[in-house]
There are 2 protein chains.
Amino acid sequence: MRIAVLGVGLIGGSIGLAARERIDGAEVVGYDARESALAAARERGAIDRAAGSVGEALEGADACFACAPVGALPALVADALAAAGGDCVVSDVGSVKGVVADATSDPRFIGGHPLAGAESAGVEHARADLFDAASWYLTPGERSSGILYERLHGIVVGLGAQPVAIDAATHDRLLATVSHLPHVLANVLVSQAARALAGEGEALPRVGPSFRDATRVAGANPDIWTDIYLANGEAIAAQLDEAADRLHAVAELLRARDAGAIETWNEAARADRRRLLEADLAGGPVHELRISVPNRPGIVASVALSLGKAGVNIVDMALSPAPDMRSGQMALWIAGDDAAARAEELIGELGFPVTRAS
Amino acid sequence: MRIAVLGVGLIGGSIGLAARERIDGAEVVGYDARESALAAARERGAIDRAAGSVGEALEGADACFACAPVGALPALVADALAAAGGDCVVSDVGSVKGVVADATSDPRFIGGHPLAGAESAGVEHARADLFDAASWYLTPGERSSGILYERLHGIVVGLGAQPVAIDAATHDRLLATVSHLPHVLANVLVSQAARALAGEGEALPRVGPSFRDATRVAGANPDIWTDIYLANGEAIAAQLDEAADRLHAVAELLRARDAGAIETWNEAARADRRRLLEADLAGGPVHELRISVPNRPGIVASVALSLGKAGVNIVDMALSPAPDMRSGQMALWIAGDDAAARAEELIGELGFPVTRAS
């Protein structure tokens with residue numbers, strides 16, 4: 001099977017590596033407008049050979065993945081479809097699906113979106129196991145070929161991912177909520193704080209990790225995100241309006257000084273997060289452990305090593321160093337009752353105070 | 001010098017430990033309505049002796065720290081002032097200052113707020129070094145005694161913190177922006193997502209770390225936060241209204257499909273965050289390194305150990321495990337050009353792909 005990969009960055013490169021390593025008889029042909037990326041992909045073994053054009057890459061291809069920023073995808077997919085044979089499935093990996101789906105009703109096209117690796121660009125971060133156990137949304141249209149869908153599904157499984165069929169519009173609403181909205185909130189928060197602090201003539205107080213966590217994705221990679229904001233603008237705008245309404249409602253609650261309602265609202269958020277994360281992470285209920293540690297080199301290491309040795313995997317971790325960097329709080333999220341209990345025991349044995357957040 | 005500590009949880013206990021260890025001739029008398037907490041504080045060496053009442057704790061005291069949830073502070077401070085001698089400074093550690101300042105104009109009262117340890121409750125997490133290099137806001141009123149302010153300032157320095165004078169209203173607006181607003185945003189985001197997912201009949205997609213980071217503080221400790229929301233309601237409500245306006249403005253930008261304006265807005269957020277964090281962390285410009293790592297036990301450890309050995313301290317860290325937990329992204333924030341360059345080198349030597357986020 002010949003697979004054409006158009007755009008050999010992190011995602012395209014990882015598709016190439018995974019296909020070559022895991023799919024019997026796969027031959028990966030790569031094309032990229034940036035010659036240096038193509039050479040790097042060749043060197044990393046992400047492609048069998050480099051093509052000089054989209055047309056050349058598609059010659060004799062059974063499947064094609066268009067891997068480019070969302071804004072460039074409609075044109076790239078159109079080029080791929082124009083060059084592809086009648087029996088070639090053309091897909092893409094954009095994180096907004098409607099804008100590509102709307103541009104073609106070709107039965108050979110089936111949109112896709114692997115939920116992996118959004119943070120770092122470049123083929124140097126590509127890995128054969130990037131998609132292992134990751135969800136990979138597939139968004140077939142009404143006219144998409146069933147045979148080609150089956151083939152694409154098989155390739156995605158071969159790459160290590162779990163295909164999930166979803167219609168393009170639902171996908172875009174979903175991502176607007178759980179991915180695009182958090183990015184906008186981070187941007188708004190950081191800009192509002194910067195302006196408020198400047199207005200007060202104050203520096204950022206050395207508060208806890210809430211501000212840093214909440215703004216970690218602020219101003220995310222503009223090359224990718226401007227495209228996403230444009231391509232999913234309607235769905236994101238709807239989420240922003242809803243969030244604004246919710247903020248106004250909380251403001252009213254606060255002005256009314258209704259302690260019971262405030263507590264109920266806060267408790268509901270606590271329960272919502274726990275439910276969402278448990279569904280996300282499986283492996284049992286997620287427990288949050290809070291540990292006080294000196295911030296000496298090697299302490300995080302010793303905790304990680306101790307849990308690792310016992311087979312306890314850390315689902316999520318947050319460090320909150322004190323301002324002097326000499327001490328701090330470590331929060332660990334552990335899935336499963338037994339694993340959490342074991343972790344508590346081990347951390348206690350290391351001599352660090354640990355409590356389970358209720 | 002005799003110091004009365006009313007409420008011996010994390011903060012009160014740490015004040016006791018630090019005072020006993022670091023302030024020459026300090027005698028710490030503790031009171032807590034919860035007898036078990038008092039016994040635990042005694043056992044941990046956080047207090048020299050336990051008092052049976054506020055009045056008993058204040059007998060002969062030169063200074064007093066009221067350490068209780070914000071809602072309980074006005075009454076506790078009033079009790080302390082009633083029992084305190086004419087030469088005793090009474091302070092508190094609440095994270096909202098106006099509500100306490102408004103309740104008294106006694107010259108012996110000077111509000112305070114150490115920016116440390118908000119996350120974990122309980123004297124078992126108390127540490128003598130909890131306040132090392134932490135900012136400790138002091139909010140003297142117009143009638144506060146200068147001599148007592150000097151004494152309180154000296155004690156706070158003795159505990160290891162850096163006193164920062166600020167008026168109570170400015171303090172509350174500042175904290176509304178950088179601490180209380182992020183908590184509300186986290187709550188709103190998690191509830192909105194939960195509702196949207198339920199509406200679509202979908203589970204939380206296995207998206208990257210943005211959602212988890214942004215919602216980490218959702219539904220924070222209700223015992224503390226209901227009080228904070230009530231006590232600083234006006235200032236927080238103003239921030240919420242502003243955030244809502246900003247969200248509406250972004251929604252308009254998206255609906256207008258103005259690529260240039262969207263990019264400018266996103267870039268501004270990027271610049272704002274960098275500026276805020278640099279001011280916060282000092283030690284030079286903060287560099288963000290992105291590393292692809294297998295998620296095997298010991299990998300985080302080996303990176304931490306390698307940097308630690310070279311004297312490179314990790315300012316902030318975020319792990320983003322892939323869904324299968326076998327691989328992932330590690331983001332490290334390192335302050336200082338040289339330290340970041342050294343870190344890049346060391347991580348490269350460990351064999352992990354690393355790039356510096358621009």
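Mentor: Let's start with contact: two residues touch when their C-beta atoms, placed from the backbone, lie within 7 Å. This is a predicted model, in which local features need pLDDT of at least 70 and side-chain atom pairs count only at pLDDT 80 or more, while totals for chains, interfaces and linings use all residues. Residues are numbered from 1 along each chain as its sequence is written, and chains are lettered from A and ligands numbered from 1 in the order in which they are written.

Trainee: How many residues of chain B are in contact with chain A?

Mentor: In chain B, 114 residues are in contact with 114 residues of chain A. Helix α7 (residues 168-200) of chain B gives the largest share of chain B's side, 22 residues. Helices here are DSSP runs of H or I with at least four residues, strands are runs of E with at least two, and both are numbered from the N terminus.

Trainee: How does that side of chain B divide into nonpolar, polar and charged residues?

Mentor: There are 58 nonpolar, 27 polar and 29 charged residues on the side of chain B that touches chain A. In this scheme Ala, Val, Leu, Ile, Met, Phe, Trp, Tyr, Cys and Pro are nonpolar, Asp, Glu, Lys and Arg are charged, and the others, Gly among them, are polar.

Trainee: What rotation superposes chain B on chain A?

Mentor: Copies are superposed by least squares on the C-alpha atoms of residues with pLDDT of at least 70 in both. Here a rotation of 180 degrees, with 0.0 Å of shift along its axis, brings chain B onto chain A with an RMSD of 0.0 Å. That is the relation of a two-fold axis. Both copies use the same surface, since 100% of the contact residues of chain B recur in chain A.

Trainee: Now a single chain. How many helices and strands has chain A?

Mentor: Chain A has 13 helices and 12 strands, and its C-alpha trace spans about 65 × 50 × 40 Å along the principal axes. Of the contacts in chain A with a separation of 6 or more, 71% are between residues 24 or more positions apart. Buried residues make up 57% of the 358 residues in chain A. Buried means 20 or more other C-beta atoms within 10 Å of the residue's own, exposed means 12 or fewer, and partly exposed is in between.

Trainee: Is E349(B) buried or exposed?

Mentor: E349(B), in helix α13 (residues 337-349) of chain B, has 9 C-beta neighbours inside 10 Å and therefore counts as exposed. Compare A331(B), in strand β11 (residues 327-335) of chain B: with 18 such neighbours, A331(B) counts as partly exposed.

Trainee: And which residues of the largest nonpolar core touch the most other members?

Mentor: In general, nonpolar side chains in soluble globular proteins tend to be buried together. A nonpolar core is a set of buried Ala, Val, Leu, Ile, Met, Phe, Trp, Tyr and Cys residues joined through C-beta atoms within 7 Å. The largest core here has 212 residues, and L6(A), C64(A), L6(B) and C64(B) touch the most other members. Apart from it lies another core of 36 residues, including L307(A), M330(A), V354(A) and V312(B).

Trainee: What lies around C64(B)?

Mentor: Beyond four places in sequence, the contacts of C64(B) include L6(B), L58(B), C88(B) and V90(B). Strand β4 (residues 63-66) of chain B has both faces covered, with A63(B) and F65(B) buried on one side and C64(B) and A66(B) buried on the other.

Trainee: Which strand does β4(B) join to β5 (residues 89-92) of chain B, and how do they run, parallel or antiparallel?

Mentor: Strands pair if DSSP finds at least two bridges between them. Strands β4(B) and β5(B) have 4 bridges and run parallel, with F65(B) opposite S91(B). Strand β1 (residues 2-6) of chain B also runs parallel to β4(B), through 4 bridges, and L6(B) has A66(B) as its bridge partner.

Trainee: In what order do the 3 strands of the open sheet in chain A lie?

Mentor: The order is β6-β7-β8, with mixed pairing. The edge strands, β6 (110-114) and β8 (162-165) of chain A, each pair on one side only. Strand β6(A) runs antiparallel to β7 (residues 135-140) of chain A through 5 bridges, and P114(A) stands opposite W136(A). Helix α6 (residues 146-158) of chain A lies across β6, β7 and β8, at about 170 degrees to β7(A). Such angles run from 0 to 180 degrees between N-to-C directions, with axes fitted to C-alpha atoms, for helices over the stretch in contact.
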